[in-house]
Amino acid sequence: MSATTSTPKFSAIDPLNLDLGYSDDELAVRDSVRGFLAEHVTPHIADWFEAGSIPIARDLFKQFGQLGVLGMHLDGYGCGGASSVHYGLASLELEACDSGIRSMVSVQGSLAMFSIYNNGSEEQKNRWLPSMAEGTTVGCFGLTEPDAGSDPASMKTRARRDGDDWILDGRKMWITNSPIADVAVVWARTEEGVRGFIVPTDTAGVSTPEIKHKLSLRASTTGEIVLDNVRLPAEALMPGNDDLHKGQGIKAPLSSLTEARYGIIWGSIGAARTAWQAAVDYATQRTQFGKPIAGFQLTQAKIADMALEMQKGQLLAQHLGRLKDSVGLRPDQVSFGKLNNTREAIKICRTARTILGGNGISLEYPIIRHMVNLESVLTYEGTPEMHQLVLGQAFTGQNAFR
């Protein structure tokens with residue numbers, strides 16, 4: 001180090017000076033998303049969570065479209081063409097606000113839009129992607145079923161030919177955005193294998209009832225997709241997954257899930273950061289036994305251990321983002337990130353909650369909201385057990401899924 005070089009000062013929110021590893025443009029995107037959320041979403045999110053709904057969800061999609069975060073990592077068709085790191089930093093800030101907010105953006109861009117982008121015809125891409133990027137068209141992604149979660153290949157939704165048309169019957173469950181969606185990407189079993197269909201939700205026979213009484217992701221609109229003898233024209237079928245003759249049709253929706261899991265790697269660290277910061281702020285203000293509880297060794301040990309895992313998780317996200325932008329990511333590498341960061345993020349939230357004691361369960365503080373949200377994030381798009389098996393197979397060459 002030269003004599004003129006000065007070591008950066010300690011920053012509690014960036015103790016490893018990770019910001020030095022990002023470009024000015026990447027930091028500008030992060031700060032833009034952070035500023036938008038601080039002004040328009042964070043002041044209301046606890047109330048929306050408590051009410052179990054976002055009353056301005058459709059308007060919020062349009063605002064996210066104007067912000068440029070919907071499908072921001074896709075090229076063309078009105079999308080931003082941003083890097084994976086840009087998208088990762090945006091995801092981190094979105095989930096630092098609330099996992100439900102990150103989910104609505106992720107499902108729109110990394111599941112619905114990415115599926116059309118990756119599997120759709122040029123006509124389908126031009127028809128749907130520009131308005132989805134604007135947020136004037138809301139999309140959802142129909143893969144999970146009541147009896148087919150971790151094993152999507154066992155789906156029961158069927159599509160059969162009827163002349164030039166397709167007839168779809170089935171039911172999809174736990175579908176983010178479905179009650180307000182204009183279009184659904186639905187995966188169904190055909191005689192040739194699993195195929196993807198673009199289904200306008202105003203099509204006869206389609207209903208999207210909302211799921212109520214959930215205690216996680218309450219600030220997220222979640223529902224079903226019910227398909228009752230739904231007739232679709234031939235052009236509703238996405239042609240891009242025509243490797244079905246090899247028996248690999250399920251790879252098409254799984255590739256979309258891999259894309260969405262990447263955003264979770266970053267987003268979960270955002271939720272952890274908010275919980276950690278709330279715990280630090282509380283500990284420095286709360287006085288017990290004559291001094292702030294931040295002055296006790298056990299509290300400091302918790303704060304240090306949480307920060308350690310949080311920084312390691314962000315380093316992992318940053319590394320995977322750089323890989324994705326340079327040489328691409330393998331599914332097992334995405335499993336590394338999803339397994340580690342969601343598991344550590346929920347531990348951080350649980351530890352942060354203990355620092356607040358009884359106040360930790362109050363919605364006056366963000367910790368319990370993030371903690372119960374992460375119970376869903378830990379599970380969806382691959383449970384910890386599924387990602388352990390992905391990694392186990394990569395290391396041993398043995399398939400232990402069945």
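Start with the largest pocket, which has a volume of about 1400 Å³. A pocket here, on a 1 Å grid over the protein atoms alone, is an open set of points where a 1.4 Å probe fits, with protein on both sides within 12 Å along at least five of seven lines; grid points are joined across faces, edges and corners, and the volume is the space filled by probe spheres set on the points. Before you zoom in: this is a predicted model, where local features need pLDDT of at least 70 and side-chain atom pairs count only at pLDDT 80 or more, while totals for chains, interfaces and linings use all residues. Residues are numbered from 1 along each chain as its sequence is written, and side-chain values use heavy atoms, with hydrogens and water left out.

Now select Gly-149, Leu-257, Arg-261, Glu-381 and Gly-382: of the 42 lining residues, these lie nearest the centre of the largest pocket. Lining residues have an atom within 4 Å of a point. Colour helix H7 (251-285) next, as H7 gives the largest share of that lining, 6 residues. (Helices, H or I, of at least four residues and strands, E, of at least two are DSSP runs, numbered from the N terminus.) By class, the lining has 18 nonpolar, 17 polar and 7 charged residues, with Ala, Val, Leu, Ile, Met, Phe, Trp, Tyr, Cys and Pro as nonpolar, Asp, Glu, Lys and Arg as charged, and the others, Gly among them, as polar.

Hop over to the second largest pocket, at about 450 Å³. Pick Arg-34, Glu-93, Ala-96, Arg-273 and Thr-274, the closest to its centre of 23 lining residues. H4 gives the most here, with 5 residues, and H1, H7 and H8 are also among the helices that each supply at least two.

Next, click Asn-341, in helix H9 (residues 331-356). Buried or exposed? Asn-341 is buried, because its relative accessibility is 1%, and buried means under 20% (1.4 Å probe, protein chains only). Its side chain reaches the backbone oxygen of Ile-265 at 2.9 Å. Beyond neighbours within four places in sequence, Asn-341 is in contact (heavy atoms within 4.5 Å) with residues including Ser-268, Gly-313 and Leu-316.

Last stop: strand E9 (residues 222-232), which runs antiparallel to E5 and is joined to E5 by 8 bridges. Strands pair if DSSP finds at least two bridges between them; E8 (residues 206-207) pairs with E9 over 2, also antiparallel.

Conventions:
Buried means under 20% relative accessible area, exposed over 50%, partly exposed in between (1.4 Å probe, protein chains only). A polar contact is a pair of N or O atoms within 3.5 Å; within protein, one must be able to donate a hydrogen and the other to accept it, and residues adjacent in sequence count only if both atoms are side-chain atoms.
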